[in-house]
Amino acid sequence: MRSWQLAYATVLLATVAHGTFLDTYQYQLAELHKQLKTEIGRRFRQNSVLNAQLVERELLPVLAEGTVAIRTANRDLLEQLGSLRPDGTTSECWESVDALVYLFTIFSQWDLQDCAYDAYAKWMRDDGRDRFYPVAHPLHRVSSEVINTIVGVLSEDDPVRNAEDVESRLDGSLDHFNEVSIEGLQDLDEELDAHTGRQEAIELFVRECIDRTIVTTREDVEYTVRYAESYCV
């Protein structure tokens, strides 16, 4: 919400009826606005911490395991080819084998990177489109909407001659603001509480992707060894 709107509403409230019931609404408006901004900010920081922990504690170790497994497979490939290849042999057939080794090594690295990228993209897309942010952003608009309502009430009605009507309308607006704030913050808390379930889902997504990459890498190793045995030995 724009700071000038809050300032304008506060000044307007103070100007039109200093020492009347409007003082109460001036204080409530400022406190509710301040509290909501603080609580939303705190939950944004919580969400950021949870996302960072997800990457550091869950995804990176899984990616590291996959990297080790793929390097092991590639090392096994070189050892098996070394046992088949006569020393100093540089025939056209073995050049083809070397090209296969290079390509399959690059492919496995790309596949592993794709697993990491797809997981990150999926998580950030869900975070930004389907879960936390779509709940948080509307709360930011609530303050402006209520302030605009209050400014509109004071612009339309004389708070001295129509005090009862003005107070009733302001009271209804602030009640609505309070209700939406409470429900919105509860929704954000539920999103944060559900983080563990989403974390397990994204970890499973990454692990399955890496497992497929490892299987493919081993199949590439077996193919390359069979090729060398069939055509080069």
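This is a predicted model: local features need pLDDT of at least 70, side-chain atom pairs count only at pLDDT 80 or more; totals for chains, interfaces and linings use all residues.
Trainee: Let's start with the overall fold. What makes up the secondary structure of the protein chain?

Mentor: Six helices and zero strands. Read along the sequence, that gives the pattern α-α-α-α-α-α.

Trainee: And how much of the protein chain counts as buried?

Mentor: Of its 233 residues, 37% do. The accessible surface comes to about 13,700 Å², with 52% of that belonging to carbon and sulfur atoms.

Trainee: On to the cysteines. How many disulfides does the structure hold?

Mentor: Two. One joins Cys93 to Cys232, and the other joins Cys115 to Cys209.

Trainee: How do you know that Cys93 and Cys232 form a disulfide?

Mentor: Check the sulfur atoms: they have to lie within 2.5 Å. In this pair the S to S distance is 1.8 Å, so Cys93 and Cys232 qualify. The pair links distant parts of the chain, with Cys93 in helix H3 and Cys232 in the segment after helix H6, 139 residues apart.

Trainee: Why is the disulfide of Cys93 and Cys232 called left-handed?

Mentor: Because the torsion about its S-S bond is about -85°.

Trainee: Are Cys93 and Cys232 buried or exposed?

Mentor: Buried means under 20% relative accessible area. Cys93 has 17%, so it counts as buried. Cys232 has 16%, so that one is buried too.

Trainee: What about Cys115 and Cys209?

Mentor: Their S to S distance is 2.1 Å, and with the cut-off at 2.5 Å this pair is therefore a disulfide as well. With -85° about the S-S bond, this link is left-handed. Cys115 sits in helix H3 and Cys209 in helix H6, 94 residues apart. Both cysteines are buried.

Trainee: What is the pairing if you number the bonded cysteines in sequence order?

Mentor: It's 1-4, 2-3.

Trainee: Now the rings. How many aromatic pairs are there?

Mentor: Eight. Take Phe44 and Tyr133, one of them, whose ring centres are 5.3 Å apart with 65° between the planes.

Trainee: What makes Phe44 buried and Tyr133 partly exposed?

Mentor: The 20% cut-off again. Phe44 has 18% relative accessibility, so it counts as buried. Tyr133 has 25%, which lies between 20% and 50%, so it is partly exposed.

Trainee: And why is the pair of Phe107 and Trp110 tilted?

Mentor: Stacked needs planes under 30 degrees apart and edge-to-face needs over 60. The planes of Phe107 and Trp110 are at 45°, with centres 5.9 Å apart, so this pair is tilted. Both residues lie in helix H3, three residues apart, about one turn of the helix.

Trainee: How do you know that Phe107 and Trp110 are partly exposed?

Mentor: Phe107 has a relative accessible area of 34% and Trp110 has 48%. Each value falls between 20% and 50%, so both are partly exposed.

Trainee: Which aromatic cluster do they belong to?

Mentor: One formed by Phe104, Phe107, Trp110, Tyr223, Tyr227 and Tyr231.

Key
Residues are numbered from 1 along each chain as its sequence is written. Side-chain values use heavy atoms; hydrogens and water are left out. Rings of Phe, Tyr and Trp (its six-membered ring) pair if their centres lie within 6.5 Å; planes under 30 degrees apart count as stacked, over 60 as edge-to-face and the rest as tilted. Buried means under 20% relative accessible area, exposed over 50%, partly exposed in between (1.4 Å probe, protein chains only). Helices (H or I, at least four residues) and strands (E, at least two) are DSSP runs, numbered from the N terminus. Accessible areas come from the Shrake-Rupley method with a 1.4 Å probe; for residues, only the protein chains shown count as cover.
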